[in-house]
Amino acid sequence: MVTARRPVDGRINIPPMRHLIRFLLSPFTIIAMMGAVGTASLMGTIIPQSVDKTPRFLAAWQAANPFKFVLIRLLQLDRIYTSVWFLTLIGIIACSLTCSLYYQIKRALRAQKLSPDSKTNPKPDPSCRANVTEKILRRVMRQRGYRPFAAGASPDNLIFIKNKAGKWGGVVFHLGLLCIILAGLWNASLQQRGLAILTVGETFTGQTGKWATTRTGALAGAFTPRLTARLAGFQPRYWNSGQVKTIRSTVSVTSGGGKSRIIPISINHPGYINGIKLFLSGDYGYALDLLLNSKSSHPILAHILLAAPARPNEAVLYDMTIPTTVYRLHINFHPDRSKPSMLLTSPSADLAVSVPEMPPLKTRLLPGQSIALPMGDTLTFNKVSYWTGIIFAKSYGIPLLYAGFGLCIAGAFLLYALPVKVACIQISPVRPQRQRGGAEYLRQISISGRTRRFQALFGLELQEIAIELQAAALVQ
Amino acid sequence: MTLTLPDHRHLLILTAVAHWLAVSLYLSASGFFFHGLRSGKTKSLKIGFWLAATGMLPHTLALGARWLTVGHGPYLQKDESLSVLAYGTIGMFLLFSAKSTRLRGIGTILLPGALVLMAAQLFLPAETGIRPPATFNGIWFAIHVTSIIPAMGAFFIAISSAILYLWQEKRPPSSKLPSLPVLDACNYKYAGFAFILWGIMIVAGAAWAEQSWGSYWSWDPIENWSLITWLLLGLLLHLRRFHGWQGKKAAWLMIACFSVSILTLFFLPVLTGSIHKEYLL
């Protein structure tokens, strides 16, 4: 417990810890932090982030604006969300939330014990006169979702409460936010992700060097999942318009114990094994294997990955030079020669092989067919299959994150959809008086209420309650 | 007995007819709301309410017929998204004002706003051959695209209350309109609802992203701007709660929040290279 001491000279000496807590709990701090996160997000949209950009883009950027580039690098504005200052900001928010939660829980527990009428003083309303009995009153209030509050009950002064759970809204919401932040920090520190590009039938051994790209948390080591994965099958399906409808894969995974499992994965339906999730990347295409049998050297295998075309009637074009040779290839690949389709039903490749100072050799090859090249070599179109990307991801704190999401939504709902409302109704006898309509009113109702939010709307509700009570009394 | 659906051409005609019928009814309802507000006649407000409620029927038919024609829900193309947002906005207003009859005057601002959404639809291409991408499936996706409809409804009610507040503030007090504190409270309440529903949209989107790509947050421009909108709403609610912001200042901040939400939903996907580009066909 942090306490203030009054020294001899009469000035209050506030301990630094209390200063810190005051700072963390100050509404100004909270609002400033929210503004800072918003501004950081805004800057992240405007300033190109290194993680999304290619090295070529970064080099061009540096060449165009060297001073600006250095400044941005220095302030870590090119990697805002992993920068020291952003993480510090998140840390401060987490501390502020923890302190705020502590005091909110204390306040909610204290409020639980108090009578709600301590701040509710009903004012007599001379216009509201009705022969309302306690029974009618209770019925009308029950229909409106109010429950009698035992602590303030007396025959003439009844207290009703609605949405009692609403007082926990702030606690639940902020607890949810704290869970999300902690889960985010936990995952950002330890997560391991890697993308492997595989062709059908190919096996991935989980070694570090085999990843196409990886992303690991600040405290995580190199990602080496102890399993091997073989892409056993790949099946894209298309709409009539040529758009991709679904993509499905089957992966045969062998884990440490030597047991193999076939895991089907598709977009939005990842597979799960040994704490590692396997996601199907949306990227895919055709993998062409061309084999050059040369008289003068060893055979050369060219493994070419082509991206799938945007439309079914489009060919995929590719240019390359076969390494260590003079052959330049221009490939015009059709996945299905029989009809406009992107499925590998009847694949063929139109090849144009160029050698310097010689006319290009043009031919069409089906898988398994060969062609004799000008310098006595042979080029074989060995096979074609699909390739796709498999993302291996080891995430941390995901259940905590979902719990945080749930708490956040529930808390916000309690706060704004179910605010606590306390209605205090006083029934006081009045002198009998003959009204124009003939009714004689013996009682006067005074209604007042208390709520933290939307007071004016609550005022309208109290007016409606008064009208309902009068109507109910007349019916009786 | 087998149920035979009308053919593609008939469905398109039905969509157009039902759409225009709904627009006419909403337009008439706006007229009655405006008249009710100026003359102070509650009967006009009542007629406006019932005309808007009747307009919901052909609007439902138009959306349903289009769904049958294109084979997917109204979430993929801009024109159908605008129509369903107008539908959600008017539906939410009718639900809200069915009970609180005194607040029907808000319809004077809200209905023309919803009509602007429906009118904007006319300037966009209404292609019918487009199919949803492979990622557009699953429960989280459904929640993600559905929650935006009531969220925008709540935003529209809040912004209408804010505009009406600013409009009324400059005039002498009148019994024709809801009082200033009531309009302010209405703005506050629906900003709270927008905060919840926008939050649900972000959460469901994050869960959907986690299922699709294994990462619930990618700091994508649209994700960032959704977060900025949500934070702005949070800021508004905190300023109201702790700094006593109400009335004019709160109304202007609500207008800022709404403008950012419109920027996030409709303009940023066009301006930035976002993973959300897919839905902007």
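Arg364(A) is partly exposed, with a relative accessible area of 47%, in what is a predicted model of the structure. The side chain of Arg364(A) meets that of Asp350(A) in a salt bridge, with 2.8 Å from N to O, and this is one of the 14 salt bridges that the structure holds over all chains.

**Salt bridges within chain A**

- The pair of Arg364(A) and Asp350(A) links distant parts of the chain, since Arg364(A) belongs to strand 15 (residues 361-365) and Asp350(A) to strand 14, 14 residues apart.
- Asp350(A) also meets the side chain of Arg337(A) in a salt bridge, at 3.1 Å from N to O. Asp350(A) is in strand 14 (residues 348-354) while Arg337(A) is in the loop between strand 13 (328-334) and strand 14, so this pair ties together parts of chain A that are 13 residues apart in sequence.
- Arg337(A) counts as partly exposed, its relative accessible area being 30%.
- Arg311(A) and Glu314(A) form a further salt bridge, in which the closest N and O atoms are 3.2 Å apart. Both partners are partly exposed, Arg311(A) at 49% relative accessibility and Glu314(A) with a relative accessible area of 28%.
- Arg144(A), Lys162(A), Lys421(A), Glu461(A), Glu464(A) and Glu468(A) are joined into one network by salt bridges that share partners.
- As background to these pairs, side chains of opposite charge can pair when their charged atoms come close.

**The contact between chain A and chain B**

- Chain A contributes 51 residues to the contact and chain B contributes 50 residues, and together the two chains bury about 4,500 Å², of which 68% is on carbon and sulfur atoms.
- On the side of chain A, the residues that lose the most area to chain B are Met34(A), Asn268(A) and Tyr416(A), which together account for 15% of what that side buries.
- Between the two chains there are nine residue pairs in polar contact, both residues being at pLDDT 80 or more. Elements of chain A that each supply at least two residues of the side touching chain B include helix 2 (27-46), helix 7 (169-190), strand 10 (276-293) and helix 9 (455-475).
- Helix 2 of chain A gives the largest share of that side, with 11 residues, and the residues of the side as a whole divide into 32 nonpolar, 14 polar and five charged.

**The salt bridge that crosses between the chains**

- The count of salt bridges between chain A and chain B is one, and the side chains of Lys277(A) and Glu210(B) meet in a salt bridge at 3.4 Å, N to O.
- Glu210(B) has its place in helix 6 of chain B and counts as buried because its relative accessibility is 3%, which is under the 20% cut-off.
- Apart from its neighbours within four places in sequence, Glu210(B) is in contact with Lys277(A), Phe279(A), Ile398(A) and Tyr402(A) of chain A, and with Ser215(B) and Tyr216(B) of chain B.
- Glu210(B) and Trp140(B) are 70 residues apart in sequence, and their C-alpha atoms are 9.9 Å apart in space.

- Chain B has eight helices and zero strands, and 60% of its 281 residues count as buried.
- Among contacts in chain B between residues at least 6 apart in sequence, 78% join residues at least 24 apart.
- The largest nonpolar core has 126 residues, and those that touch the most other members are Ile148(B), Met152(B), Phe155(B), Tyr190(B), Trp198(B), Leu233(B) and Met254(B). Helix 6 (residues 180-213) of chain B provides the largest share of this core, 17 residues.
- Leaving aside neighbours within four places in sequence, Phe155(B) is in contact with residues including Ala194(B), Trp198(B), Leu233(B), Met254(B) and Phe258(B).
- A second, separate core holds 51 residues, among them Leu290(A), Ala349(A), Phe381(A) and Tyr386(A).

**A buried threonine in chain A**

- Thr388(A) is found in strand 17 (residues 378-394) of chain A and is buried, with a relative accessible area of 0%.
- A polar atom of the Thr388(A) side chain lies 3.1 Å from the backbone oxygen of Asp283(A).
- Not counting residues up to four places away in sequence, Thr388(A) touches residues including Ala196(A), Leu231(A), Phe234(A), Ser249(A), Asp283(A) and Tyr284(A).

Note on methods. Residues are numbered from 1 along each chain as its sequence is written. Chains are lettered from A and ligands numbered from 1 in the order in which they are written. Side-chain values use heavy atoms; hydrogens and water are left out. A nonpolar core is a set of buried Ala, Val, Leu, Ile, Met, Phe, Trp, Tyr and Cys residues joined through side-chain atoms within 4.5 Å. Buried means under 20% relative accessible area, exposed over 50%, partly exposed in between (1.4 Å probe, protein chains only). Helices (H or I, at least four residues) and strands (E, at least two) are DSSP runs, numbered from the N terminus. Contact means heavy atoms within 4.5 Å. Buried area is the accessible area (1.4 Å probe) that two parts lose on being put together, summed over both. A salt bridge is a side-chain nitrogen of Lys or Arg within 4 Å of a carboxyl oxygen of Asp or Glu. A polar contact is a pair of N or O atoms within 3.5 Å; within protein, one must be able to donate a hydrogen and the other to accept it, and residues adjacent in sequence count only if both atoms are side-chain atoms. Ala, Val, Leu, Ile, Met, Phe, Trp, Tyr, Cys and Pro count as nonpolar, Asp, Glu, Lys and Arg as charged, and the others, Gly among them, as polar.
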